[in-house]
Amino acid sequence: MNSEQPIIRRKSKRIYVGKVPIGDQAPISVQSMTNTCTTDINKTISQIESLEKVGADIVRVSIPNIDSAESFKLIKQKTNIPLIADIHFDYRIALKVAEYGADCLRINPGNIGNENRIRMVVDCARYNNIPIRIGVNSGSLEKDLRKKYVKPTAEALVESAMRHVDYLDRFNFDQFKVSVKASNVSIAIKSYRLLSKKIDQPLHIGITEAGSIRNGTVKSAIGIGILLSEGIGDTVRVSLAANPIEEIKVGFDILNSLNIRSRGINFIACPTCSRQEFDVIGTVKELEKRLDDISTPIDVSIIGCIVNGPGEAVIATIGLTGGNKKSTFYEDGLRHKDKIDNDDLINQLEKRIRNKILKINKNV
Ligand code: SF4
């Protein structure tokens with residue numbers, strides 16, 4: 001893939017969530033969060049495994065009470081991927097899950113009470129060698145900031161984040177990342193821009209409560225995409241009111257669109273018109289489904305006719321240009337002599353794409 005202008009990433013410290021590096025030019029990680037009841041251990045493990053299968057680097061699990069913390073202990077023992085424990089207000093839960101192997105604590109120090117409690121959590125994170133994520137959200141700003149700014153503004157979000165940062169600074173703890181998420185894309189972008197100039201910690205970026213798959217994907221692609229293209233952001237979470245698997249897929253699609261990090265098949269397909277020589281939409285849809293397991297990055301162009309087909313095919317790894325009854329197949333930009341029967345396109349393409357991936361992986 002070509003990148004016209006490489007993105008210059010903001011310099012930041014590095015932390016590790018389990019083995020996953022975050023910040024200091026480490027690959028931008030993609031994460032999501034389980035939406036099962038954490039005390040339903042089997043369901044939660046199964047969702048974590050599904051997220052791992054589609055490429056999640058990290059998974060966050062919410063721990064609303066002590067029972068969930070006990071479940072987390074078992075979940076952690078039976079899963080491999082780094083897990084972030086999401087805690088609000090109760091410092092005792094943070095201490096428990098750190099002991100149970102959490103790879104990161106998502107907790108806002110300013111929300112857990114007196115300095116003694118904060119010190120206990122920070123010391124515990126230090127002792128267990130795990131980082132903290134400060135997560136400020138436009139929906140849960142402190143009362144006094146809501147009063148001061150009237151509504152959630154970028155300045156309010158950053159002021160809130162800096163309060164939490166100050167606590168960690170005071171305890172000389174620098175193993176943390178920060179997010180300042182808003183459901184409004186412009187506010188989120190402004191917040192991260194402001195914050196990126198104030199601290200040199202890694203930033204977890206996302207648009208919070210972005211909405212349904214369509215709406216949320218658009219908002220996330222714009223917000224996260226703009227920030228990443230400015231070099232801001234070290235780990236990404238897309239928040240969708242949908243199966244969290246979609247969040248991982250959209251996260252990778254955003255990274256892929258900016259040529260930052262690729263995973264799986266990047267389909268290039270035309271919108272179709274009356275010139276199409278085969279059912280492009282149906283073909284892409286079916287191939288997407290059949291090839292869902294592919295993690296090797298590869299560009300596949302599926303184009304309905306010769307107007308744009310050859311041009312796209314020569315710059316993709318695999319290309320197809322629709323023709324009358326038979327379509328032309330390309331591999332590494334070279335046209336194959338044998339054409340593919342339009343009646344058997346999906347099977348043939350699946351086979352050829354899988355073969356190509358085998359060849360690519362053998363040469364790695
Ligand atoms: Fe129509 Fe051909 Fe363009 Fe596809 S590539 S939209 S089939 S003209």
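The feature "binding site" is placed by UniProt, in an unreviewed entry, at Cys 270, Cys 273, Cys 305 and Glu 312; UniProt positions follow the numbering used here, feature names are shortened, and annotations may be inferred rather than shown by experiment. The structure is a predicted model, in which local features need pLDDT of at least 70 and side-chain atom pairs count only at pLDDT 80 or more, whereas totals for chains, interfaces and linings use all residues. Residues are numbered from 1 along each chain as its sequence is written, and side-chain values use heavy atoms, with hydrogens and water left out.

Two of the annotated cysteines can be located in the fold. Cys 270 lies in the loop between β11 (265-269) and α10 (280-290), where helices (H or I, at least four residues) and strands (E, at least two) are DSSP runs numbered from the N terminus. Residues up to four places away in sequence being left aside, Cys 270 touches Val 280, Ile 302, Ile 303 and Gly 304, a contact meaning heavy atoms within 4.5 Å. Cys 273 is found in the loop between β11 and α10. Cys 273 counts as partly exposed because its relative accessibility is 43%; buried means under 20% relative accessible area, exposed over 50%, and partly exposed in between, with a 1.4 Å probe and protein chains only.

β12 (residues 298-303) and β13 run parallel and are joined by four bridges, two strands being paired if DSSP finds at least two bridges between them. In this pairing, Val 300 stands opposite Ile 318 in β13. The pairing of β13 with β14 (residues 326-331) is antiparallel and also comprises four bridges, with Thr 321 opposite Thr 328 in β14. β13 and β14 form a hairpin with four residues between them, and Lys 325 in the turn has a positive phi of about 70 degrees. From β13, Ile 318 and Leu 320 point one way and Gly 319 and Thr 321 the other, and all are buried.

The UniProt annotation "domain: IspG TIM-barrel", from an unreviewed entry, covers residues 13-251. Over residues 13-251 the chain is 46% helix and 17% strand, with the end C-alpha atoms 23 Å apart. An open sheet of eight strands has the order β8-β7-β6-β5-β4-β3-β10-β9, with parallel pairing. β8 (176-181) and β9 stand at the edges with a single partner strand each, so one side of each is left without a neighbour in the sheet. Within this order, β3 (residues 29-33) and β10 (residues 235-237) run parallel and are joined by three bridges; Gln 31 stands opposite Arg 237 in β10.

Positive phi values occur at two further residues. Val 150, although not a glycine, has a positive phi of about 70 degrees; Val 150 lies in the loop between α5 (143-149) and α6 (154-170) and is exposed, with a relative accessible area of 70%. Glu 209, in the loop between β9 (204-205) and α8, has a positive phi near 45 degrees.

The structure holds 28 salt bridges, each defined as a side-chain nitrogen of Lys or Arg within 4 Å of a carboxyl oxygen of Asp or Glu. One of them joins Arg 261 to Asp 57, with the closest N and O atoms 2.9 Å apart. This pair links distant parts of the chain, 204 residues apart: Arg 261 is in the loop between α9 (244-257) and β11, and Asp 57 in the loop between α1 (41-53) and β4 (58-62). Arg 261 is partly exposed at 23% relative accessible area, whereas Asp 57 is buried at 15%.

A salt bridge also connects the side chains of Glu 247 and Arg 237 (3.0 Å, N to O). Glu 247 lies in helix α9 and Arg 237 in strand β10, so the pair ties together parts that are ten residues apart in sequence. Glu 247 is buried at 2% relative accessible area, and Arg 237 is buried at 11%.

The side chains of Asp 338 and Arg 352 meet in a further salt bridge (3.4 Å, N to O). Asp 338 lies in the loop between β15 (334-335) and β16 (340-341) and Arg 352 in helix α12 (residues 345-363), so this pair ties together parts that are 14 residues apart in sequence. Asp 338 is partly exposed at 43% relative accessible area, while Arg 352 is buried at 17%. Finally, salt bridges that share partners join Glu 286, Lys 289, Arg 290, Asp 293, Glu 350 and Arg 354 into one network.
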